[in-house]
Amino acid sequence: VGKLYRSGCRKIALYGDADVNPLAAVERTNGYLEGLRKCRLRPKKKYICLNPKETKAFATLFRKKETAPDAVCCLNDVCAGNLIARLMKDGINLSKIHFTGFDNLPLAKFIPQPLLTINPPMRKLGTEAVRMLFRSIENPAFRPVCKKLSVEILRTKPFLKG
């Protein structure tokens, strides 16, 4: 959210659909809300769509310049692809809208719109998980800890243009 805000976006929406792990959805929604708070932006209900049944109503926001978000934070790359496909089908011009995803999936390069995404450190994540597992086997009283790992933020380059 901060990166989008610094690039001039003020109407930043949140989108998720059925392709998201519920725990990840909660974590990413909280991150979105915290990002808005840090940028001193208030969340608006109309700019949050986490229910696939609300997608049609959410997509209508993009029809008018006054209501169209400047950016959409999607809960993952699949959600971003789903929303972009929906908006393209509706004939919406996406050239001025920024999209973010999460996971840096290989399929993201087939989304015909640049996507700001997160490249998670999968090897480091696996190493830390194994380390915690071994520690809990050696010491059953060990409680799992929350450890933050650094991630790489990158912009995808579409392989194919729509």
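Asp103 counts as partly exposed, at 26% relative accessibility (buried is under 20% relative accessible area, exposed over 50%, partly exposed in between; 1.4 Å probe, protein chains only). Its phi is positive, about 110°, although Asp103 is not a glycine. Asp103 sits in the loop between strand S4 (98-100) and strand S5 (116-119). Helices (H or I, at least four residues) and strands (E, at least two) are DSSP runs, numbered from the N terminus. The model is predicted: local features need pLDDT of at least 70, side-chain atom pairs count only at pLDDT 80 or more, and totals for chains, interfaces and linings use all residues. Residues are numbered from 1 along each chain as its sequence is written, and side-chain values use heavy atoms, with hydrogens and water left out.

Arg40 also has a positive phi, near 60°. Arg40 lies in the loop between helix H2 (22-38) and strand S2 (48-49). At 79% relative accessibility, Arg40 counts as exposed. Most residues other than glycine have a negative phi.

The whole structure holds 0 disulfides (a disulfide is a pair of cysteine sulfur atoms within 2.5 Å). For Cys39, the nearest cysteine sulfur is that of Cys73, 9.9 Å away. Cys39 is buried, at 11% relative accessibility. The sulfur of Cys79 is 6.5 Å from the closest cysteine sulfur, in Cys74, too far for a bond. Cys79 is buried, at 0%.

The largest nonpolar core has 35 residues. Such a core is a set of buried Ala, Val, Leu, Ile, Met, Phe, Trp, Tyr and Cys residues joined through side-chain atoms within 4.5 Å. Ile12, Phe58, Val72 and Phe99 touch the most other members. Helix H4 (77-89) gives the most to this core, with 5 residues. Beyond its neighbours within four places in sequence, Val72 is in contact (heavy atoms within 4.5 Å) with residues including Phe58, Leu83 and Phe99.

The largest pocket holds about 1400 Å³ of space. On a 1 Å grid over the protein atoms alone, a pocket is an open set of points where a 1.4 Å probe fits, with protein on both sides within 12 Å along at least five of seven lines; lining residues have an atom within 4 Å of a point. Grid points are joined across faces, edges and corners, and a volume is the space filled by probe spheres set on the points. Of the 39 lining residues, Glu27, Arg28, Phe102, Ile118 and Val151 are the closest to the pocket centre. H2 supplies the largest share of this lining, 8 residues. The second largest pocket holds about 200 Å³. Its lining includes Phe62, Lys65 and Ile97.
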